[in-house]
Amino acid sequence: MSENRWGYGKEDGPSVWHKHYPSAKGNRQSPIDIIPHQVSHDPSLGQIVLNYDQCTSINISNNGHSVVVEFDDSDDRSVILGGPLDNPYRLKQFHFHWGGKGCRGSEHTVAGNCYVSELHLVHWNAVKFRTYSDAATAPDGLAVLGIFLETGDDHRWLHMITDALYMVKFKGSVTDFKGFNPKCLLPSSLHYWTYLGSLTTPPLDESVTWIILKEPITLSERQLSKFRMLLFTAEEEDQRMRMENNFRPPQPLKGRKVRSSV
Ligand SMILES: [Zn+2]
(Lines give C-alpha, C1' and ligand atoms only; values in the text may rest on other atoms or scores of the structure.)
Protein backbone atom coordinates (compact mmCIF):
# COMPACT_ATOMS: atom_id res chain seq x y z
CA MET A 1 0.00 0.00 0.00
CA SER A 2 1.65 3.23 -1.11
CA GLU A 3 1.02 6.54 0.64
CA ASN A 4 -2.08 7.50 -1.30
CA ARG A 5 -3.36 4.02 -2.01
CA TRP A 6 -5.93 2.92 0.52
CA GLY A 7 -9.27 1.23 0.28
CA TYR A 8 -11.68 -1.12 1.98
CA GLY A 9 -10.20 -4.47 0.88
CA LYS A 10 -8.34 -7.13 2.84
CA GLU A 11 -4.96 -5.64 2.02
CA ASP A 12 -5.63 -1.92 2.04
CA GLY A 13 -8.63 -1.66 4.40
CA PRO A 14 -9.25 0.02 7.77
CA SER A 15 -7.23 -2.54 9.77
CA VAL A 16 -3.98 -1.49 8.03
CA TRP A 17 -4.58 2.24 7.54
CA HIS A 18 -2.45 2.98 10.63
CA LYS A 19 0.71 1.91 8.76
CA HIS A 20 0.62 5.04 6.61
CA TYR A 21 -1.79 7.15 8.65
CA PRO A 22 -0.71 7.02 12.31
CA SER A 23 -3.70 9.15 13.36
CA ALA A 24 -5.68 5.90 12.98
CA LYS A 25 -4.66 5.06 16.52
CA GLY A 26 -5.26 8.57 17.90
CA ASN A 27 -7.43 9.68 20.79
CA ARG A 28 -10.42 11.07 18.90
CA GLN A 29 -11.05 8.70 16.02
CA SER A 30 -14.34 8.15 14.19
CA PRO A 31 -16.75 6.53 13.77
CA ILE A 32 -17.87 5.32 17.19
CA ASP A 33 -20.62 3.18 18.63
CA ILE A 34 -23.16 5.53 20.25
CA ILE A 35 -24.68 3.98 23.36
CA PRO A 36 -27.82 6.07 24.01
CA HIS A 37 -28.08 5.35 27.75
CA GLN A 38 -24.47 6.47 28.28
CA VAL A 39 -24.96 9.76 26.45
CA SER A 40 -25.10 12.91 28.59
CA HIS A 41 -28.12 15.11 28.00
CA ASP A 42 -26.84 18.63 27.72
CA PRO A 43 -29.52 21.33 28.12
CA SER A 44 -27.04 23.98 26.96
CA LEU A 45 -26.93 22.43 23.48
CA GLY A 46 -29.23 24.34 21.17
CA GLN A 47 -30.89 23.23 17.97
CA ILE A 48 -28.82 22.92 14.84
CA VAL A 49 -29.85 25.14 11.96
CA LEU A 50 -29.24 24.29 8.31
CA ASN A 51 -29.29 27.36 6.09
CA TYR A 52 -29.25 25.60 2.75
CA ASP A 53 -31.73 27.83 0.93
CA GLN A 54 -29.26 29.29 -1.54
CA CYS A 55 -27.41 26.00 -1.86
CA THR A 56 -25.56 25.41 -5.13
CA SER A 57 -24.35 21.94 -6.00
CA ILE A 58 -21.74 21.76 -8.75
CA ASN A 59 -20.95 18.19 -9.71
CA ILE A 60 -21.13 14.54 -8.73
CA SER A 61 -18.09 12.28 -8.86
CA ASN A 62 -16.67 8.88 -8.02
CA ASN A 63 -13.42 9.34 -6.08
CA GLY A 64 -12.73 5.62 -5.84
CA HIS A 65 -13.99 5.48 -2.25
CA SER A 66 -17.51 6.92 -2.45
CA VAL A 67 -19.82 9.05 -4.55
CA VAL A 68 -19.42 12.77 -3.78
CA VAL A 69 -21.60 15.81 -4.54
CA GLU A 70 -19.60 19.07 -4.37
CA PHE A 71 -20.89 22.54 -3.57
CA ASP A 72 -19.83 26.11 -4.23
CA ASP A 73 -18.27 27.08 -0.90
CA SER A 74 -16.89 30.47 -1.92
CA ASP A 75 -19.32 32.27 0.42
CA ASP A 76 -21.75 31.59 3.28
CA ARG A 77 -24.77 30.71 1.12
CA SER A 78 -25.11 27.22 2.64
CA VAL A 79 -24.09 26.75 6.25
CA ILE A 80 -24.78 24.72 9.37
CA LEU A 81 -24.84 26.60 12.67
CA GLY A 82 -26.02 26.28 16.25
CA GLY A 83 -25.80 23.14 18.36
CA PRO A 84 -22.21 22.55 19.48
CA LEU A 85 -20.77 24.96 16.87
CA ASP A 86 -19.33 28.38 17.77
CA ASN A 87 -19.88 29.83 14.32
CA PRO A 88 -21.38 28.88 10.93
CA TYR A 89 -19.61 26.16 8.93
CA ARG A 90 -19.87 26.09 5.10
CA LEU A 91 -21.13 23.08 3.16
CA LYS A 92 -18.33 21.64 1.01
CA GLN A 93 -19.61 18.23 -0.12
CA PHE A 94 -21.67 15.23 0.82
CA HIS A 95 -21.04 11.53 0.24
CA PHE A 96 -22.33 8.15 1.36
CA HIS A 97 -21.06 4.96 2.98
CA TRP A 98 -22.93 1.69 2.40
CA GLY A 99 -22.68 -2.08 2.74
CA GLY A 100 -23.03 -5.10 0.52
CA LYS A 101 -26.07 -7.34 0.83
CA GLY A 102 -27.26 -7.49 4.45
CA CYS A 103 -27.75 -4.90 7.12
CA ARG A 104 -24.26 -3.40 7.55
CA GLY A 105 -23.16 -0.21 5.87
CA SER A 106 -23.22 2.71 8.31
CA GLU A 107 -20.05 3.91 10.00
CA HIS A 108 -21.55 5.01 13.29
CA THR A 109 -23.59 2.40 15.09
CA VAL A 110 -26.22 2.83 17.80
CA ALA A 111 -25.93 0.41 20.73
CA GLY A 112 -24.06 -1.92 18.37
CA ASN A 113 -26.71 -1.76 15.64
CA CYS A 114 -25.82 -0.74 12.10
CA TYR A 115 -27.88 0.98 9.46
CA VAL A 116 -27.58 0.09 5.77
CA SER A 117 -25.97 3.40 4.84
CA GLU A 118 -24.79 6.73 6.24
CA LEU A 119 -24.82 10.13 4.57
CA HIS A 120 -22.10 12.65 5.53
CA LEU A 121 -22.54 16.37 4.87
CA VAL A 122 -19.10 17.92 5.28
CA HIS A 123 -18.83 21.57 6.38
CA TRP A 124 -15.78 23.72 7.20
CA ASN A 125 -15.07 26.62 9.47
CA ALA A 126 -14.55 29.54 7.09
CA VAL A 127 -14.61 32.05 9.95
CA LYS A 128 -11.36 30.73 11.43
CA PHE A 129 -9.67 29.22 8.36
CA ARG A 130 -8.85 30.50 4.90
CA THR A 131 -9.32 27.28 2.95
CA TYR A 132 -10.95 23.89 3.35
CA SER A 133 -7.53 22.20 3.52
CA ASP A 134 -6.39 24.49 6.34
CA ALA A 135 -9.58 23.65 8.23
CA ALA A 136 -9.38 19.91 7.57
CA THR A 137 -6.33 19.50 9.83
CA ALA A 138 -7.44 21.78 12.70
CA PRO A 139 -9.22 20.54 15.83
CA ASP A 140 -12.25 22.80 15.19
CA GLY A 141 -11.97 22.88 11.41
CA LEU A 142 -14.83 20.66 10.23
CA ALA A 143 -18.42 19.85 11.16
CA VAL A 144 -19.92 16.72 9.64
CA LEU A 145 -23.64 16.07 9.78
CA GLY A 146 -24.29 12.31 9.73
CA ILE A 147 -27.64 10.89 8.66
CA PHE A 148 -28.50 7.19 8.88
CA LEU A 149 -30.38 5.43 6.07
CA GLU A 150 -32.61 2.40 6.54
CA THR A 151 -34.46 0.39 3.91
CA GLY A 152 -38.20 0.66 3.34
CA ASP A 153 -40.15 2.79 0.87
CA ASP A 154 -38.53 4.69 -2.00
CA HIS A 155 -37.06 8.00 -0.87
CA ARG A 156 -38.89 10.75 -2.71
CA TRP A 157 -35.82 12.81 -3.61
CA LEU A 158 -32.90 10.41 -3.42
CA HIS A 159 -33.66 9.20 -6.95
CA MET A 160 -32.13 12.48 -8.16
CA ILE A 161 -28.83 11.06 -6.93
CA THR A 162 -29.35 7.38 -7.69
CA ASP A 163 -30.47 8.25 -11.26
CA ALA A 164 -27.14 10.05 -11.78
CA LEU A 165 -24.94 7.22 -10.51
CA TYR A 166 -24.63 5.46 -13.87
CA MET A 167 -22.70 8.50 -15.10
CA VAL A 168 -20.04 8.13 -12.39
CA LYS A 169 -19.70 4.36 -12.40
CA PHE A 170 -15.89 4.38 -12.63
CA LYS A 171 -13.32 5.84 -10.26
CA GLY A 172 -12.29 9.28 -11.48
CA SER A 173 -15.50 10.02 -13.35
CA VAL A 174 -17.26 13.32 -12.76
CA THR A 175 -20.32 14.96 -14.25
CA ASP A 176 -22.31 18.19 -13.78
CA PHE A 177 -24.89 18.03 -11.02
CA LYS A 178 -26.35 21.50 -10.56
CA GLY A 179 -29.12 22.82 -8.38
CA PHE A 180 -29.49 19.93 -5.95
CA ASN A 181 -30.43 21.04 -2.44
CA PRO A 182 -29.62 18.44 0.26
CA LYS A 183 -32.37 19.90 2.46
CA CYS A 184 -34.67 17.35 0.80
CA LEU A 185 -32.62 14.54 2.37
CA LEU A 186 -33.15 15.62 5.99
CA PRO A 187 -35.43 13.64 8.31
CA SER A 188 -38.28 15.50 10.03
CA SER A 189 -36.49 15.74 13.38
CA LEU A 190 -33.08 17.37 13.76
CA HIS A 191 -32.41 15.92 17.24
CA TYR A 192 -28.81 14.81 17.38
CA TRP A 193 -25.87 13.31 19.21
CA THR A 194 -22.56 15.18 19.11
CA TYR A 195 -18.94 14.36 19.93
CA LEU A 196 -15.41 15.30 18.85
CA GLY A 197 -13.88 12.95 16.32
CA SER A 198 -12.04 12.58 13.04
CA LEU A 199 -12.37 12.01 9.33
CA THR A 200 -13.30 8.35 8.80
CA THR A 201 -11.05 8.05 5.74
CA PRO A 202 -7.29 8.61 5.47
CA PRO A 203 -5.61 10.87 6.49
CA LEU A 204 -8.04 10.43 9.45
CA ASP A 205 -7.35 13.95 10.75
CA GLU A 206 -8.86 14.70 14.16
CA SER A 207 -10.68 17.80 12.98
CA VAL A 208 -14.38 16.93 13.07
CA THR A 209 -17.21 18.01 15.32
CA TRP A 210 -19.67 15.21 14.60
CA ILE A 211 -23.41 15.87 14.63
CA ILE A 212 -25.33 12.63 14.13
CA LEU A 213 -29.08 12.84 13.59
CA LYS A 214 -31.07 10.36 15.67
CA GLU A 215 -33.87 9.92 13.13
CA PRO A 216 -32.90 7.91 10.02
CA ILE A 217 -34.23 8.50 6.52
CA THR A 218 -35.63 5.69 4.39
CA LEU A 219 -34.61 4.49 0.94
CA SER A 220 -35.72 1.39 -0.95
CA GLU A 221 -33.57 -1.70 -1.63
CA ARG A 222 -33.83 -0.76 -5.30
CA GLN A 223 -32.35 2.68 -4.62
CA LEU A 224 -29.63 1.19 -2.41
CA SER A 225 -28.74 -1.37 -5.07
CA LYS A 226 -27.87 1.47 -7.47
CA PHE A 227 -25.03 2.56 -5.16
CA ARG A 228 -23.65 -0.98 -5.41
CA MET A 229 -23.42 -0.67 -9.22
CA LEU A 230 -20.59 1.84 -8.74
CA LEU A 231 -17.01 0.59 -8.99
CA PHE A 232 -13.94 1.21 -6.81
CA THR A 233 -11.90 0.87 -9.99
CA ALA A 234 -11.19 3.10 -13.00
CA GLU A 235 -12.36 2.33 -16.53
CA GLU A 236 -8.84 1.40 -17.70
CA GLU A 237 -8.27 -1.13 -14.90
CA ASP A 238 -8.73 -4.79 -15.88
CA GLN A 239 -10.16 -5.94 -12.59
CA ARG A 240 -13.56 -4.48 -11.76
CA MET A 241 -14.34 -4.07 -8.10
CA ARG A 242 -17.85 -3.27 -6.98
CA MET A 243 -18.06 -0.30 -4.61
CA GLU A 244 -19.60 -1.62 -1.41
CA ASN A 245 -18.69 -1.99 2.26
CA ASN A 246 -16.92 1.37 2.10
CA PHE A 247 -17.26 2.01 5.81
CA ARG A 248 -14.80 2.09 8.70
CA PRO A 249 -15.90 0.17 11.82
CA PRO A 250 -16.38 1.94 15.19
CA GLN A 251 -13.23 3.10 17.00
CA PRO A 252 -12.44 3.24 20.74
CA LEU A 253 -14.11 6.10 22.60
CA LYS A 254 -11.01 6.72 24.78
CA GLY A 255 -12.85 8.68 27.46
CA ARG A 256 -14.73 11.00 25.13
CA LYS A 257 -18.22 12.16 26.04
CA VAL A 258 -21.11 11.94 23.62
CA ARG A 259 -23.74 14.61 24.24
CA SER A 260 -27.36 14.69 23.23
CA SER A 261 -29.56 17.64 22.28
CA VAL A 262 -32.70 16.52 24.12
ZN1 LIG B 1 -17.91 9.86 5.28
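Mentor: Two strands pair if DSSP finds at least two bridges between them. Strands are DSSP runs of E with at least two residues, numbered from the N terminus. Please keep in mind that this is a predicted model.

Trainee: In the hairpin of β4 and β5, which residue takes a positive phi?

Mentor: Strand β4 covers residues 57-62 and pairs with β5 in the antiparallel sense over five bridges. Within this pairing, N62 stands opposite V67 of β5. Four residues lie between the two strands of the hairpin, and the one with a positive phi, near 85°, is G64.

Trainee: In β7, which residue is the bridge partner of E70?

Mentor: Strand β5 also pairs with β7, residues 89-98, in the antiparallel sense over three bridges. Strand β5 itself, residues 67-71, is mostly covered, with four of its five residues buried. The bridge partner of E70 in β7 is Q93.

Trainee: How many C-beta neighbours inside 10 Å does N245 have?

Mentor: N245 is placed in the loop between α3 (221-227) and β15 (259-260). N245 is not a glycine, yet it has a positive phi of about 55°. It counts as partly exposed, and its number of C-beta neighbours inside 10 Å is 16.

Trainee: What is omega for the peptide bond from P202 to P203?

Mentor: P203 is found in the loop between β12 and β13 (208-213). Another cis bond joins S30 to P31, with omega near 0°, and P31 is found in the segment before β1 (33-34). The bond from P202 to P203 is likewise cis, with omega near 10°.

Trainee: What is the radius of gyration of the protein?

Mentor: The protein has three helices and 15 strands. For its 262 residues the globule rule gives 18 Å, and the value for the model is close to this, so the protein is as compact as a globular protein of that length. Buried residues make up 41% of the 262. The radius of gyration is 17 Å.

Conventions: Residues numbered from 1 in each chain as written. Predicted model: local features only at pLDDT ≥ 70, side-chain atom pairs only at ≥ 80, totals over all residues. Buried ≥ 20, exposed ≤ 12 C-beta atoms within 10 Å, placed from the backbone. Rg over C-alpha atoms; globule rule 2.2 N^0.38 Å.
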